[in-house]
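Student: I would like to learn how to read a structure step by step. Could we begin with strands and then turn to what lies inside?

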Amino acid sequence: MITIGVDNTLDMGKDTIDYIHEISKSQGIRIHHIAPSKPIIYKNNRTLSIKNYVECLEKEDRIELLIIEFKKNSIENDLYKNLSFDIIVLFDHFMAQRPFINHKLYFEHKILKYFKCKCYLIPDTYNIKKQGCITYGWHNDADISLSSAEKDPEGVTKIQCCIQTCMPTQRGTFTMPVEFPVYGKTRYTEELLAGAAIFILYGFDASTFVIENNVYNMV
């Protein structure tokens, strides 16, 4: 089971999660999504800690991809103690009503210290380059970048993605530099790019799949 953490502190990530669900559905990937707001989860008339709940899912071996949504205030309340992730994706978005949030510092001083994670997928705006961090965004120096974005009259956004660097995936393969289009409905292009990046890091060969108008087909 591959465990994906999605940071929703900035109320971003919904379109990324929707994208992951659609890809998983089209490919027959067994997916489960939780967004715990309390330190316990009910399963089969039992109360379990979040960590024990995840361990039960692993033992049952019915889920291939688990998405766990989390927020900064829940971290501060120690809800996700001892959880381990394969990939954590974070976002960056300036919100005039929340100018006190510096998400780069939140990543460095909260996320890195609190969670165990193999790979962090972070916005290129963080200006962080270190082992275990994969960057995504508009900048050409991002590991996974986008060069253009446009929305059609039906509200479908097309973004042109570029894999810039060779990176290991969760399936033990390596990415190769390639450019490819991604189509989907989203509020922010970065959320759609993050969804595509998740599946690149999952192990999909981006040069062999096409995503159009929310219909996902391998070719």
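**Strands, cores and rings**

Tutor: Six bridges join strand β1 to strand β5 (residues 65-70), and the two run parallel; strands here are DSSP runs of E with at least two residues, helices are runs of H or I with at least four, and both are numbered from the N terminus. Two strands pair if DSSP finds at least two bridges between them. This is a predicted model, in which local features need pLDDT of at least 70 and side-chain atom pairs count only at pLDDT 80 or more, while totals for chains, interfaces and linings use all residues. Residues are numbered from 1 along each chain as its sequence is written, and side-chain values use heavy atoms, leaving out hydrogens and water.

Student: Is strand β1 largely enclosed or open?

Tutor: Buried means under 20% relative accessible area, exposed means over 50%, and partly exposed lies in between, with a 1.4 Å probe and protein chains only. Six of the six residues of β1 (residues 2-7) are buried, so this strand is largely enclosed by the rest of the structure. I2, I4 and V6 point one way, and T3, G5 and D7 point the other way.

Student: What should I look for in a nonpolar core?

Tutor: Such a core is a set of buried Ala, Val, Leu, Ile, Met, Phe, Trp, Tyr and Cys residues joined through side-chain atoms within 4.5 Å. The largest one here has 38 residues, and among the members that touch the most others are V89, L121 and Y136. Helix α5 (residues 189-202) gives this core its largest share, 10 residues. There is also a second, separate core of 29 residues, which includes I50, I75, Y80 and I128.

Student: How many aromatic pairs are there?

Tutor: Rings of Phe, Tyr and Trp (its six-membered ring) pair if their centres lie within 6.5 Å, and planes under 30 degrees apart count as stacked, over 60 as edge-to-face and the rest as tilted. By this rule there are nine aromatic pairs. The rings of F70 and F85 have centres 6.2 Å apart and planes at 55°, so this pair is tilted. Because F70 lies in β5 and F85 in β6, the pair ties together parts that are 15 residues apart in sequence.
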